[in-house]
Amino acid sequence: MYLTALAFSILLMAADNDFSTFLSIRDFDSALEAAADSDSLKAVVFRDAGNSSVASMLFERAFDEDPSAGLFAAMWESVASSTEHYPMLTASFLREQILELEGILLFGAEDLLSLIESSSVLEDSLLTDSLVQVLIEDFPLSFEASEVIGWEFYDRLYPVWYDDSASIVVLAEFLDDWGDRSDLWRSLAWQYTLSSVLETADSLNWEGYLNEWLEACPENPRVYLSGAALYIDRDSSWSEALDLAQTGLNLVSEGWTPQGMPDEEWQLAGEALEAGLQFRRLFAMAGSGRRQEALGELTAVISDTDFNTDDYHTEASLYWLYGKLNLEEGDSLEALGSYAHAAAAGEVRNRWSSDAVTAMDSLLPPDITPDRWAREYSEYEGPVFTDVTHLLGPDSMLSGSRVSWCDWNSDGFPDLFTGRSLFQNMGGSSFMDVTSEAGLDSCRGNGGVWGDINRDGQPDLVTSGNPVQVFVSRNGTLEDATESTGVNSTESSVEGVALLDWNADGWLDLYLASYERAGGRGSGTGDAFYLGSENGFTEAGDSIGMVPFLGEHLCGRGVSPCDFDLDGDIDIFVSNYRLQENFLWENKEGTAVSSALRRGIAGVEVDGWWGHTIGSAWGDFDNDGDWDLFSANLAHPRYITLSDRSMLYEQRDGYFTDIRSNAGIRFEETHSNPLWGDFNNDGWLDLFVTSIYSDRRSFLYLNQGDGTFEDVTWLAGARVLNGWGAAAADYNLDGRLDLAVGSGDGPTLLENVSTGGNWTLVNVDPPEGVNPSGTGCIIILEQQGVTLMRQVEGGSGTTSQNGGLLHFGLPSDRPFTLKLYIPGDTTPQLEINGLPGSIISTGN
């Protein structure tokens, strides 16, 4: 439910800082104490604690003492949220109260929006509709009025989203009913209409629809940008395109802003709109015979355009155009350089950056690839990858959106599991599909993680999907032992799977993060936690305290175990989707304490919404001896005011702060699965992040060693489109960390062919009593005052798993010391001296 933000902020202003702090971490007892004698503040505490009945009574008492529209709306929010009422009877009472207070209380836009939501929950459509009319008539330019119209827009459009012909009809009806209420939504409806028309048999009539849009929204620069693009792309009508683009730019320069669009959303759209208009204007100018003039102006436009790290747009189109015009002028070297800039920048739809690579291909000799030329041209010295997916087999035969590494046959070389297929590593030179031979023909999962569940020295497999399956290794093959191990069926698909040793008894335990109920968007299903033993698994989540706030199940996407506080026991971070908070189950002597809020890694709450977290990964990126965390969030621009962007959480003294933007990691709409790895062997962890959806690109950020990162994805040869899962391992044992990326188009295997740097590989052969996989073991390596940390993972991201042979890039070529820490103990079990370039086993 929408919260009365204004009333709430006023209440908090009246409270002390302690009250707000206690409330933010759900320390409700302390918040009540800090609320003192304030009924309104007490009401806020009970509301946030889930006791809507008490909250409504306290809000009512506060309202009786000091009537205000904000308190009235807050009271009815709590009434509507309570289950102790009959909706229609209660709605009738609300209607009567509103009529009684007419002319007495002055309702603001936020109050009306809150009452609209309350009446909707109480199932009074007539009251809801009348309040909507009041809101739109009294506050036509408000954000709240725009939001209500937006609800109507998407409620109508979503059911026919993939049917262009039906969308045209629905949008026409919306324009008839609501088109005169909002410039923003009128223009957007025409934009969607034109987009749908272009996908139908009526596409040849696009110009007529464009003219209708122009007539309906003559003050909106967006229509001029779309028109200019269509005249260029479809007709090469340079004059018309130039006029439209210039008109749009004039409107922008005069200070046009969309009425009802939140500032944060406009910050994402505004500069991109201006850059798009400049791009089309100069494109059309060059096409109309003024190429040199366009080139001169384009230089200044590129210099003036600067998308910051909180923006997902890039300058790729401008660099592509600069390359094209220079090529037409006969300067092929300048063209190649600009095309390389466009390719390296990348973009959301992969149009201009892809065209730039194609153009480079046409200019270069057959034996020189565009990225190779660009590396030499820019004197690039970072990591380099080459695509060796062919080692897995023909692309047409490959599938799998989740990936995990495991040495399933114990020959020392990591094997690759992708989707439901197992590829055995043949000595680091090739892979063989052994799915059938391994006994996995009955696998119905979409990924999985590995660990020695039954302590027989061989890795076993737990899959994600529905149903979850447990495969136990026996006599060289994997057998489905789901039923005998005690793992139960789940209500929905399991998206996150992780193995760990929660109680440090030497038996691997299992966490399953379940997704949403079928047909119930945002309606989560219960996660499951199992303690392992020689008798299999026993469900134990509730008994040890793994109960979400108010018992509300969330939509899990990924599980990332780690002893984040280095107290000797394993903690569990759970990535939750659907704008929901993330979990951190902190291990306190075997009892799970929910501490994500207190530690600062639950996400950022806005009006009850959090983030779409898909996968998260632990790593000490700043080499300060503690674990940091990257959480990958999907965040659509139209919901950016209430969606978390991806977050780079830096740990300081047990608490976390998001530094993503300052660290140089750009916002991307569909970030999915992160992983840490030292890909250039310099002693600093780099970051790789996939992005889901067609044409969305992955990112490789090179750690600069000063708290910042540089995007080197394309130059490194690490760009993969439509990525989902990702995992790293040194598959050929050459000391360079390789990458496997899963996607809807099948897996991609990238071999690291970088030169330089120093490294060591560590095989964790745990001591007696520790789970034989070594899962949860930590290696701390020290070299010349630099501390590096790695852990043997039992899962990360969204059911991905990095290789168990731990890779360390090293800061120098000098000797080093490493220490082994095991689950359940804070003292090192052994200390080993080593030299760079070696493979070390802790069992030797």
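Trainee: So which domains does the domain assignment give for the protein?
Mentor: Keep in mind that this is a predicted model. The assignment gives domain 1 (24-139), domain 2 (176-378) and domain 3 (386-834).

Trainee: How far apart are the C-alpha centres of domain 2 and domain 3?
Mentor: Those centres lie 38 Å apart. The contact takes 29 residues from domain 2 and 22 residues from domain 3.

Trainee: What lines the largest cavity?
Mentor: There are 27 lining residues, and Trp 676, Arg 790, Gln 791, Glu 793 and Asn 802 lie nearest the centre. By class, the lining divides into 14 nonpolar, ten polar and three charged residues.

Trainee: And which strand gives the most to that lining of the largest cavity?
Mentor: That's β22, with five residues. Other strands supplying at least two each include β18 (612-619), β26 (723-729) and β31 (786-791).

Trainee: What about the second largest cavity, which residues line it?
Mentor: Among them are Leu 499, Leu 500, Pro 561, Cys 562, Gln 791 and Glu 793. β10 (494-500) and β14 (556-562) are the elements that give two or more residues to this lining. Its classes come out as six nonpolar, four polar and one charged.

Trainee: Back to β22. Which strands form the open sheet with it, and in what order?
Mentor: The order is β22-β23-β24-β25, with antiparallel pairing. β22 (671-677) and β25 (709-711) are the edge strands, each pairing on one side only. From one strand to the next, the twist averages 25°.

Trainee: How many bridges are there between β23 and β24?
Mentor: Three bridges, joining residues 686-691 of β23 with 699-703 of β24. As one example, Phe 688 has Leu 700 in β24 as its bridge partner.

Trainee: Last topic, pockets. How much space lies in the second largest pocket?
Mentor: About 690 Å³. The pocket has 29 lining residues, with Asp 407, Asn 763, Val 764, Ser 773 and Gly 804 nearest its centre.

Trainee: Which strands each supply at least two residues there, and how does the lining divide by class?
Mentor: The strands are β2 (403-406) and β6 (448-451). The lining of this second largest pocket has twelve nonpolar, twelve polar and five charged residues.

Notes. Residues are numbered from 1 along each chain as its sequence is written. This is a predicted model: local features need pLDDT of at least 70, side-chain atom pairs count only at pLDDT 80 or more; totals for chains, interfaces and linings use all residues. Side-chain values use heavy atoms; hydrogens and water are left out. On a 1 Å grid over the protein atoms alone, a cavity is a set of points where a 1.4 Å probe fits but cannot get out, and a pocket is an open set with protein on both sides within 12 Å along at least five of seven lines; lining residues have an atom within 4 Å of a point. Grid points are joined across faces, edges and corners, and a volume is the space filled by probe spheres set on the points. Helices (H or I, at least four residues) and strands (E, at least two) are DSSP runs, numbered from the N terminus. Ala, Val, Leu, Ile, Met, Phe, Trp, Tyr, Cys and Pro count as nonpolar, Asp, Glu, Lys and Arg as charged, and the others, Gly among them, as polar. Two strands pair if DSSP finds at least two bridges between them. Axes are lines fitted to C-alpha atoms, for helices over the stretch in contact, and angles run from 0 to 180 degrees between N-to-C directions. Domain bounds come from an automatic or database domain assignment. Contact means heavy atoms within 4.5 Å.
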